[in-house]
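Hi there,

Here is the structure I promised to pass on to you.

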Amino acid sequence: MSIKRVLQFVLSLVTLTIIIQLVLFTNLPRGTRYRNRDNFFCDAIHIGVLHVTSATQLYKTLKFLVFYRNSPLHFHFFVNETGAKIVNTLFETWHLPQVQISTYESKDSKSTDTLDEKLQSLRRPELLNHTDRLIVMGSNLLVMGDLQQFWDLFDHFQMSQVLGAVKRGDNKAETDIFLLDLSKLLSMTGPLNSATGVHFAAVNPQYLRWTYVENIVDKDELNSVRAILSNMGQDIPPRRISRCTDLHESNSTDAPTLPACSSLPESQMFKRRTLLFIRRFSYAPKEHDVTLVTQFPYEKLDVFEAMCRRWLGPISATVYLSEADLEKTIDFIEKSSDLKRRYNVAYHAVFKRGEFRPMNYLRNVALRNVVTSHVFLADIDYLPMSKLHKTLLPYLAKMATHKKALVIPAFATNGSKPVSPLTVDELKEAWDKRFIIPLPEKTLGSEHLPTDYKRLRNATEPYTIQWKPNHDPCIVVQSNVVEYDERFFGYGHGRVSHILELHTQNYEFIVLPNTFVVYLDHLKGRDYEQFAKDDYRSCLQAIIEQNVDDLNRKYGTKYNITNLYGEPTKSSVVNTT
């Protein structure tokens, strides 16, 4: 054979090889992963998550997947309205590099759904916009290992194979995690034929394990799981896979820092990881109903428990806690005789980050997740009278209408023996004996003076009061009320700025004389201690000025900050929260 013929043969062989590779490459399914020049995988693994019934279980599942992963991830969540809130809020506030999510409206599914029921919910043509291969799993599964090797098993699918399931010890298929070829599923007209194995075959990921927290009996394994769950907090950011093209980055700040706040990182309004509905919530509201909206740190769970004894209506509460405190919070609730049977309480967790508590963000989280027509806005340090929820209901339709705020008078204990009256009659008796006094007499502040306690003493009918600077009452309003200004953090002016905006919107403030709350004396926290420092107060003053300027632009008002709050001194805002 001549050299010329050899060269022609080699050239033909190379050309044929290139053509075959091009054909294979262009016809690979969307879910196939490609190696980069260093032989690493970089395409996203697509994970379908069904039946998001528990936010805390979902959170654990996600933490394990992120902990072990070595590839970008794209989650596809099939959720109802509440599940969509949980998922979207979590990923908006959780800085996970190279992670994307998509959500799909789904019926209320259960972990006990049959395989056919699960597959029916996955027949979504829109999924093909992202992938045609999917690892499907439940939201309460702890996968201990990288899903890479499970994903690779798609390469071993038979020509007509639609689903790859793992055999359990009883030789049955595990339906809580399986591989699914979406293109083939969507092209099928009948059910999968598991008997013949044509569409349904077993796969065997040798080095991948999964379990459920409640099923772990080995003490060492349980401690290992708990360590992963508690240590993956804000202090240990999720790994970014530097070798791969970045699929998703989130900005950790929402607003530029004011010059006066440059020494306080919280002024950048960085996001804090937020997990909604950390416990089952169920409540069917009346046409006119009211939810108590509050927020508190983990350390005040016992105070919240006392609040719940008096307020029997629905509650939306945000708890500010560390990663390690999440399980402790759930445990406290389940062991409390007052809380464990209360499913009309929606608990939301915001995980600690930075020095200061983001008061107004915590309030907004609770406010955004109510199901009633009205809200009762009160912080954890205000203990409501007994049966306040029932007392308020008749007023909602006729009085708490658009741009009307019902004011609940605030009192404080007086003397060495704290008294906490339950009823209006008990309040009047304690007031006569000076065991209970109007809150302004206790704090010497102006926040509650507009309530007009002299008039209240003998009032039998609701009466309108005039707003004054620093007004800071506990109020009942419609649930579509404007949100709190989240630029305020720590101690100072958070609620006052909210009441000012309601006044700017021409709200009418109406005192209900047959209601009350009692302010609980408590040790001042770190936020209050920081208030004495010049840099903190200078920053707070700058935020107040910015807030007032924004109100003037938004509503066309001409507020002057000196006329509103006086000169910027420590005493001018010391009692505002």
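This is a predicted model: local features need pLDDT of at least 70, side-chain atom pairs count only at pLDDT 80 or more; totals for chains, interfaces and linings use all residues.

Residues are numbered from 1 along each chain as its sequence is written, and side-chain values use heavy atoms, with hydrogens and water left out.

**The sheet**

Nine strands form an open sheet with mixed pairing, in the order β10-β13-β12-β11-β14-β20-β16-β21-β19. At its edges stand β10 and β19 (463–465), each with a single partner strand, so one side of each has no neighbour in the sheet. Strands and helices here are DSSP runs numbered from the N terminus (E, at least two residues, for strands; H or I, at least four, for helices). Two strands count as paired if DSSP finds at least two bridges between them.

Buried means under 20% relative accessible area, exposed over 50%, and partly exposed in between (1.4 Å probe, protein chains only). In a regular strand the side chains alternate between the two faces of the sheet. In β13, V345, Y347, A349 and F351 point one way, while A346, H348 and V350 point the other way.

What does β13 pair with? Strand β10 (residues 274–275) pairs with β13 in the antiparallel sense over two bridges, and T274 has V350 as its bridge partner. Strand β12 (residues 315–321) runs parallel to β13 and is joined to it by seven bridges. Among the bridge partners are T318 with H348 and V319 with A349.

From β12 the chain passes through α9 to β13, and this β-α-β crossover is right-handed. Right-handed means that, with the strands pointing away from the viewer, the path from the first strand over the helix to the second runs clockwise.

**Helices**

Helix α8 (residues 301–310) lies across β11 (290–297), β12 and β13, and runs at about 165° to β11. For such angles, axes are lines fitted to C-alpha atoms, for helices over the stretch in contact, and the values run from 0 to 180 degrees between N-to-C directions.

Helix α15 (residues 494–504) is mostly covered, with ten of its eleven residues buried; the buried ones include R495, H498 and E501. Just after α15, N506 takes a positive phi of about 70°.

**Salt bridges**

How many salt bridges does the structure hold? There are 25, each being a side-chain nitrogen of Lys or Arg within 4 Å of a carboxyl oxygen of Asp or Glu. Side chains of opposite charge can pair when their charged atoms come close.

- K335 and D331 meet at 3.2 Å, N to O. They are four residues apart in helix α9 (residues 323–335), so about one helical turn separates them. K335 is exposed at 63% relative accessible area, and D331 is partly exposed at 36%.
- E126 and R124 meet at 3.7 Å, N to O. E126 is partly exposed at 32%, whereas R124 is buried at 16%.
- E441 and R434 have their closest N and O atoms 2.9 Å apart. E441 is partly exposed at 38%, as is R434 at 40%.
- R363, D379, D472 and R495 are linked in a network of salt bridges. R363 is among the buried residues of α10, and R495 is among those of α15.

**Around D181**

Is D181 buried or exposed? This residue of strand β7 (residues 173–181) is buried, with a relative accessible area of 10%. Leaving aside neighbours within four places in sequence, D181 is in contact (heavy atoms within 4.5 Å) with D132, F154, F157, Q161 and V162. The C-alpha atoms of D181 and R133 are separated by 4.8 Å, although the two residues lie 48 residues apart along the chain. The D181 side chain also reaches the backbone nitrogen of S183 at 3.2 Å.

How values were computed
A polar contact is a pair of N or O atoms within 3.5 Å; within protein, one must be able to donate a hydrogen and the other to accept it, and residues adjacent in sequence count only if both atoms are side-chain atoms.
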